[in-house]
Amino acid sequence: DGNCVDSGFKCTLRAAIEEANAFPGADKIIFDSKMDIQLDTTIGALPDITEKLRIDASSVWDSGGSKPGVTVNGVSQTFPGLTLRAGNCEVYGLLLKNFLYAVDIQNSANNTIGGPLHGQRNVINSNKSFGVSIHGTSSHRNLVSGNWIGLSVSGDTKAPNDVGIQISGGAYQNTIGGDAPVKGNYISGNTQNGVEIVGAGSDGNRLGANLIGLPALGSADNVGNGRAGVYINNGPTTTYIGSSAPDLYDNEISLNGSEGVLIWGASGNWVESNLFFANKLNGVAIVDGANNRVSSNSILLSVENGVRVRGSTATGNTIMANSIYFNVKQGIDLFQGGNT
């Protein structure tokens with residue numbers, strides 16, 4: 001009926017989403033003050049968002065603490081947070097924590113999570129599974145930009161999700177970051193991989209201007225992701241990591257628990273013009289993947305090799321014009337038949 005009122009005559013986030021779903025056309029949920037919202041787990045998950053909706057807490061951003069003014073707390077890590085099934089939704093200025101996964105984009109296109117302007121940063125941490133999940137063959141042209149994913153609100157310590165961002169199930173042509181430093185995400189501190197791109201058909205996704213494994217503020221202490229900075233597995237192609245695409249900026253992928261970028265069983269992906277620093281295994285590793293390109297990167301201080309290509313099916317990979325130095329083992333290691 002156009003009124004945000006629950007059965008107890010309160011305007012809750014749940015009631016606002018239900019009203020937006022019921023009311024035709026685009027809607028906006030805004031906040032008139034800073035607040036902490038806790039999920040009522042006796043009722044269950046928040047409603048899926050099925051109509052075009054902007055959830056915007058940027059106007060109550062905590063400038064003194066340089067952090068979101070609105071916290072949405074899933075409490076038990078049992079339920080999903082914001083589930084986007086409509087296209088063209090926007091989410092700005094929230095701290096989303098303690099959900100099963102904080103933002104779930106399901107077969108939905110043209111959504112925007114975070115942004116470069118004042119108050120648009122979301123902090124997404126302490127979720128049991130994914131910080132952001134983008135999946136389904138209708139999930140394309142989604143943008144995740146300007147967020148802190150896996151870090152505390154202070155930006156200098158871990159507050160891990162299991163995985164920072166996962167793109168899967170045929171989701172394609174999504175962008176993580178953008179074409180300028182201000183548009184990048186800090187994706188650090190997560191228990192497993194910073195970014196995962198998984199499965200055949202999850203093609204044409206792009207990462208630019210992100211800092212993966214580094215703190216947003218403070219010294220470069222141990223906030224690396226527990227495994228790879230970026231993991232491409234089981235069939236994705238034409239992934240662009242760095243400025244190989246004209247409208248992307250380079251990434252810094254450093255201090256992660258295994259590789260900076262690990263490409264396993266995937267072909268035709270590009271890793272170009274990034275900085276890799278002090279990753280705990282290899283800077284870039286390609287395992288059983290063909291015709292990938294690693295070019296114009298700086299790769300240094302890896303605990304093992306700068307670049308490793310492994311497996312008899314890992315053929316036709318191009319490694320050129322990189323600056324590879326001060327790695328503990330080899331600059332380029334072709335192993336078990338890698339690159340013939």
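The predicted model holds 3 aromatic pairs, a pair being two rings of Phe, Tyr or Trp (its six-membered ring) with centres within 6.5 Å, called stacked for planes under 30 degrees apart, edge-to-face over 60 and tilted for the rest. As this is a predicted model, local features need pLDDT of at least 70 and side-chain atom pairs count only at pLDDT 80 or more, while totals for chains, interfaces and linings use all residues. Residues are numbered from 1 along each chain as its sequence is written, and side-chain values use heavy atoms, with hydrogens and water left out.

One of these pairs is formed by Trp148 and Tyr186, an edge-to-face arrangement with 6.4 Å centre to centre and 80° between the planes. Because Trp148 belongs to strand β13 (residues 148–149) and Tyr186 to strand β16 (residues 186–187), the pair ties together parts 38 residues apart in sequence. Strands here are DSSP runs of E of at least two residues and helices are runs of H or I of at least four, numbered from the N terminus. Trp148 is buried, with a relative accessible area of 6%, whereas Tyr186 is partly exposed at 21%; buried means under 20% relative accessible area, exposed over 50% and partly exposed in between (1.4 Å probe, protein chains only).

A further pair joins Tyr240 and Trp270, which counts as tilted because the ring centres are 6.1 Å apart and the planes stand at 35°. This pair, too, links distant parts of the chain, with Tyr240 in strand β21 (residues 240–242) and Trp270 in strand β24 (residues 270–272), 30 residues apart. Tyr240 is partly exposed at 24% relative accessible area, and Trp270 is partly exposed at 30%.

A charge sits over a ring if NZ of Lys or CZ of Arg is within 6 Å of the ring centre and within 35 degrees of the ring normal. Arg308 takes up such a place over Phe335, at 4.1 Å from the ring centre.

A pocket is an open set of points on a 1 Å grid over the protein atoms alone where a 1.4 Å probe fits, with protein on both sides within 12 Å along at least five of seven lines; lining residues have an atom within 4 Å of a point.

The largest pocket has a volume of about 570 Å³; for volumes, grid points are joined across faces, edges and corners, and the space filled by probe spheres set on the points is taken. Of its 29 lining residues, Cys11, Thr12, Leu13, Arg14 and Ala16 lie nearest the centre. Helix α1 (13–22) gives the most to this lining, with 7 residues. Most of α1 is covered, with 8 of its 10 residues buried, and these buried residues pack against β1, β2, β3 (53–56), β4 and β5 (82–84).

Finally, His140 sits in the loop between β11 (130–135) and β12 (143–144) and is buried at 13% relative accessibility. Leaving aside residues up to four places away in sequence, His140 touches Ser108, Ala109, Asn110, Tyr172, Gln173 and Asn174, a contact meaning heavy atoms within 4.5 Å.
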